[in-house]
Amino acid sequence: MRIKLAESAGFCFGVKRAIDIALKTATSGKNVYMLGDIVHNEDVVKQISAVGIKKIKKLTHGKNRILLIRAHGAGIETFRKAQELGYLIVDATCPMVKEIHRIAQGKECQGYRIIVIGDKKHDEVLGIAGQLKNKAIIIDPAKNIPWAMLKKVKKACIVVQSTQNIEKVEKIVRVLRPRIREMKFFNTVCRPTRIKQKEIRIMPKQNGCMVIIGSKNSANTRRLYEISKSLNTRSYWVQSKKEINPQWFKDKKTVGITAGASTPDSITREIIDYIRQIGKAS
Ligand code: SF4
């Protein structure tokens, strides 16, 4: 049985960068806090907590404290409040998310209503909406288009959560275009996501089955799984080797593997070794 690992499997540039910043900040001698998990992966969360960085639900007092802003970014109000409370801010927002903020703010200043295509409750989407003076219209691809909110919109700028499924986004944009008189569309799906999605549109057709590795709360892993499953029903989403069923690989000549942007390479390697053993035993 041959195992084919996607070239783009695992950490993206923004996640790697945020983890490096977090580990470096942990050595500062100050108490370091984060509003939520650094990324959606249990192993990375454990690693970050082991170096003493604490997760909090809300800001309290910031004396001698550092607030680490995660790769997903945060709204202006979070920065303002943290500063007011005396936190020192270390910003690990991915530069590609910052670029989405810049576009949205710039276009709002030019009079465009901002539409964000993304998961309604995802921190990145809330962070983008949190850059704006007016309420953004969020279009969640998993839900219906909120036509009532779009009714009076004549001039709009669309930006996209960096990890969205490009095909679904383009479909929504095609539906919106004839309904909005002046519409600007910035496809802000980031480069690492594009590369991952390009591979996952090919690999399921070339392999007997697919294993997609990543946390069950990772949105980008879910999207890789959904695309894979639509092309090869023998697609399986696992967080660890414990979830692997040897039967999946019965009579399979090749297995394709990929991993979400927040999945550490150590987990992927462990799973590959395990599948290799299954292949040898059968
Ligand atoms: S998925 Fe893209 S935007 Fe998000 S952290 Fe990774 S590189 Fe940055």
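Residues are numbered from 1 along each chain as its sequence is written, and side-chain values use heavy atoms, with hydrogens and water left out. Because the model is predicted, local features need pLDDT of at least 70 and side-chain atom pairs count only at pLDDT 80 or more, while totals for chains, interfaces and linings use all residues.

Helix H8 spans residues 191-200. Helices (H or I, at least four residues) and strands (E, at least two) are DSSP runs, numbered from the N terminus. The buried residues of H8 are Thr193, Lys196, Gln197, Glu199 and Ile200. Seen down the axis of H8, these buried residues fall within an arc of 160°, so they line one face of the helix. The arc is taken from the directions from the helix axis to the C-beta atoms. Buried means under 20% relative accessible area, exposed over 50%, and partly exposed in between (1.4 Å probe, protein chains only). Exposed Arg191 and Lys198 sit on the face of H8 turned away from its buried side.

Cys190 counts as buried, at 12% relative accessibility. Not counting residues up to four places away in sequence, Cys190 touches Met96 and Ser162. Contact means heavy atoms within 4.5 Å. Cys190 and Leu150 are 40 residues apart along the chain, and their C-alpha atoms are separated by 26 Å.

Rolling a probe the size of a water molecule over the atoms shows where empty space is left. The search uses a 1 Å grid over the protein atoms alone. A cavity is a set of points where a 1.4 Å probe fits but cannot get out. A pocket is an open set with protein on both sides within 12 Å along at least five of seven lines. Lining residues have an atom within 4 Å of a point. Grid points are joined across faces, edges and corners, and a volume is the space filled by probe spheres set on the points.

Two cavities of 30 Å³ or more were found. The largest cavity holds about 310 Å³. It is lined by 25 residues, and Cys12, Val15, His72, Ser162 and Thr163 are the closest to its centre. Helix H1 (13-26), helix H4 (95-109), H8 and H10 each supply at least two residues of this lining. By class, the lining of the largest cavity has twelve nonpolar, eleven polar and two charged residues. Ala, Val, Leu, Ile, Met, Phe, Trp, Tyr, Cys and Pro count as nonpolar, Asp, Glu, Lys and Arg as charged, and the others, Gly among them, as polar.

The second largest cavity holds about 60 Å³. Its lining consists of Thr163, Thr193, Lys196, Gln197, Asn220, Arg223, Leu224 and Ala261. H8 and H10 each give at least two residues to this lining. Two of the lining residues are nonpolar, four polar and two charged.

Asn220 belongs to helix H10. At 15% relative accessibility, Asn220 is buried. Leaving aside neighbours within four places in sequence, Asn220 is in contact with Thr163, Gly260, Ala261 and Ser262. The side chain of Asn220 reaches the backbone nitrogen of Ala261 at 2.8 Å. Asn220 and Gln164 are 56 residues apart in sequence, yet 7.4 Å apart in space, C-alpha to C-alpha.

Open pockets were also found. The largest pocket has a volume of about 230 Å³. Of its 14 lining residues, Arg70, Gly73, Ala74, Gly75 and Thr78 lie nearest its centre. Strand E4 (65-69), helix H3 (76-84) and helix H5 (123-129) each supply at least two residues of the lining. The lining of the largest pocket divides into six nonpolar, five polar and three charged residues. The second largest pocket holds about 170 Å³. Its lining has one nonpolar, two polar and seven charged residues. Among them are His40, Asp119, Lys120 and Arg222.

Asn64 lies between strand E3 (54-56) and E4, and is exposed at 52% relative accessible area. Asp251 lies between strand E11 (235-238) and E12, and is exposed at 71%.

Note on methods
Polar contact = N/O pair within 3.5 Å; in protein donor to acceptor, adjacent residues only side chain to side chain.
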